[in-house]
Amino acid sequence: MITRQRLAAGICALLATLTAGVAFPAGAVADETDSAASPKVELLLDVSGSMSARDIDGGSRMAAAKQAFNEVLDATPEEVQLGIRTLGANYHGNDRKTGCKDTAQLYPVGTLNRTEAKTAVATLTPTGWTPIGPALLKAADDLNGGDGTRRIVLISDGEDTCQPLDPCEVAREIAAKGIGLTIDTLGLVPDAKTRDQLSCIADATGGTYTSVQHKEELSDRVGQLVDRAADPVVTPVATEGTAQCSAAPTLKSGLYTDREEFGKQRFYRVDVNPGQELRASVSVGADREVNPDYGVLMRAVTVHGREIVRGEATGNGRTDVISTGLRYPKAESDDDNAPAETVCLQITNSFSAASGVKTTPGLPLELTVDVVDGPDKASDVASFGLGRGWWLLGALVLTGFVAGLLWGWLSRWRLAVWRTN
């Protein structure tokens with residue numbers, strides 16, 4: 001009896017050991033996978049001398065930034081790997097060359113230890129220069145690796161003081177690498193030049209710019225951007241449009257990337273069943289210097305070239321991305337076996353390269369295609385682009401006609417009365 005119990009206990013112990021041996025490696029692999037796909041955010045803080053100015057709710061800009069960081073660190077989602085980098089925090093002198101190298105990682109990007117990060121932030125004192133361009137390059141290196149979202153949140157109160165390394169050009173170079181890194185910028189009590197530069201940096205990577213005047217605004221906005229990094233991201237699928245619709249790739253609902261030469265057109269095909277609606281949008285990025293006054297045209301045409309609907313947008317050189325879109329509903333059919341209609345999406349741009357700028361590769365293009373169930377009466381929406389506005393147009397015409405008759409009758413009656421008198 002005792003022997004059997006010992007044998008049973010030994011077998012149970014062996015099974016438990018084997019189970020643990022299998023489980024722990026699996027867990028380790030899962031952790032590595034999660035780490036590789038974790039969203040990464042680096043807060044890039046300007047600690048130059050001007051941050052000591054006391055013009056945010058009666059306190060200094062540095063104090064407002066520290067308070068915002070402490071609140072954001074407390075609320076950072078567990079899945080976000082967060083780091084902090086500074087610019088202008090360590091060099092007190094007047095040597096420009098040395099000052100423009102003054103950027104350091106205050107807290108490495110990784111699993112957040114809130115106490116350590118807050119302690120590091122508490123030591124900061126407004127000090128030196130404003131090397132935004134060099135700091136952006138270093139921050140991009142800090143975020144390398146992994147498949148998750150990558151975001152830099154830049155907080156500054158002034159222009160870069162390390163020209164000719166233009167931070168806007170640096171942001172364009174980062175975007176051109178195609179590493180999916182977004183730069184959001186926040187300007188503390190900014191002047192016009194600072195606002196223009198920070199806006200340009202954000203636009204170059206599809207980020208956002210926010211002007212901040214109060215502590216609460218700063219805390220709320222930084223918190224929103226860190227939270228946004230944890231949102232799921234759709235990775236664009238590379239495709240290659242053609243010069244003719246007949247040879248174009250057929251696309252399903254999704255997000256796609258391509259490159260389009262200056263002043264050229266690209267075709268893509270989408271199948272739309274009866275009762276469905278095609279929604280499409282396109283963004284073309286100016287990832288290098290281009291001439292002002294340009295545009296993007298997006299047309300939905302039949303395979304025979306007849307235009308169905310179009311969307312267009314123009315630019316004047318003040319933005320790095322231009323977008324437009326369109327909708328096309330396919331009316332329902334009484335025939336259950338009615339075939340899908342092949343819609344050709346034609347995308348044309350009128351960009352031209354500035355003098356001395358390379359024209360290859362083409363401009364980056366991002367295309368969104370969405371085929372969904374259409375409205376109840378698709379024909380109403382498709383009617384010359386007026387949709388249900390036909391009802392309003394008809395009512396206005398009828399009202400105008402009746403009003404005209406009444407006014408004519410009233411005028412004739414008054415004229416008759418005047419003649420009689």
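Which residue in E12 is the bridge partner of methionine 298? The legend to the first view gives the reply. The model shown in every view is predicted.

**View 1. Strands E11 and E12 run antiparallel and are joined by 8 bridges.** Glycine 311, in E12, is the bridge partner of methionine 298. Strand E11 covers residues 294-301, and strand E12 covers 307-315.

**View 2. Four strands form an open sheet in the order E9-E14-E11-E12.** The pairing in this sheet of 4 strands is antiparallel. Its edges are strand E9 (265-272) and strand E12 (307-315), each of which pairs on one side only. From one strand to the next, the twist averages 15°.

**View 3. A second open sheet has 5 strands, in the order E7-E8-E15-E10-E13.** Here the pairing is mixed. Strand E7 (237-238) and strand E13 (321-329) are the edge strands, and each pairs on one side only. Strand E8 takes in residues 254-260 and is parallel to E7, with 2 bridges between them. Valine 237 is found opposite tyrosine 256 of E8.

**View 4. A cis peptide bond joins threonine 360 and proline 361.** The omega angle of this bond is about -5°. Proline 361 belongs to the loop between strand E14 (341-349) and strand E15 (363-373). Most peptide bonds are trans.

**View 5. Valine 189 has a positive phi of about 45°.** This residue is not a glycine. Most residues other than glycine have a negative phi. Valine 189 sits in the loop between strand E5 (181-188) and helix H7 (192-204).

**View 6. Helix H2 (residues 61-75) packs with helix H8 (residues 215-229).** The two helices are at an angle of about 35°, and their axes are 9 Å apart. Their crossing is right-handed. On the H2 side, the contact is made by Ala64, Ala65, Gln67, Ala68, Glu71, Val72 and Ala75. On the H8 side, Lys215, Leu218, Ser219, Val222, Gly223, Val226 and Asp227 take part. By class, the contact residues are 8 nonpolar, 3 polar and 3 charged.

**View 7. The largest pocket holds about 1400 Å³ of space.** Its lining consists of 43 residues. Those nearest the centre of the pocket are Gly180, Leu181, Thr205, Pro236 and Glu366. The lining divides into 18 nonpolar, 12 polar and 13 charged residues. Rolling a probe the size of a water molecule over the atoms shows where empty space is left.

Terms used
Residues numbered from 1 in each chain as written. Predicted model: local features only at pLDDT ≥ 70, side-chain atom pairs only at ≥ 80, totals over all residues. Heavy atoms only, no water. Axes fitted to C-alpha atoms, helices over the stretch in contact; angles between N-to-C directions. Left-handed = near helix turned anticlockwise from the far one by under 90°. Contact = heavy atoms within 4.5 Å. Nonpolar A, V, L, I, M, F, W, Y, C, P; charged D, E, K, R; others polar. 1 Å grid on protein atoms, 1.4 Å probe; cavity = no way out; pocket = protein on both sides within 12 Å on 5 of 7 lines; lining within 4 Å. Points joined across faces, edges and corners; volume = space filled by probe spheres on them. Pairing = 2+ DSSP bridges.
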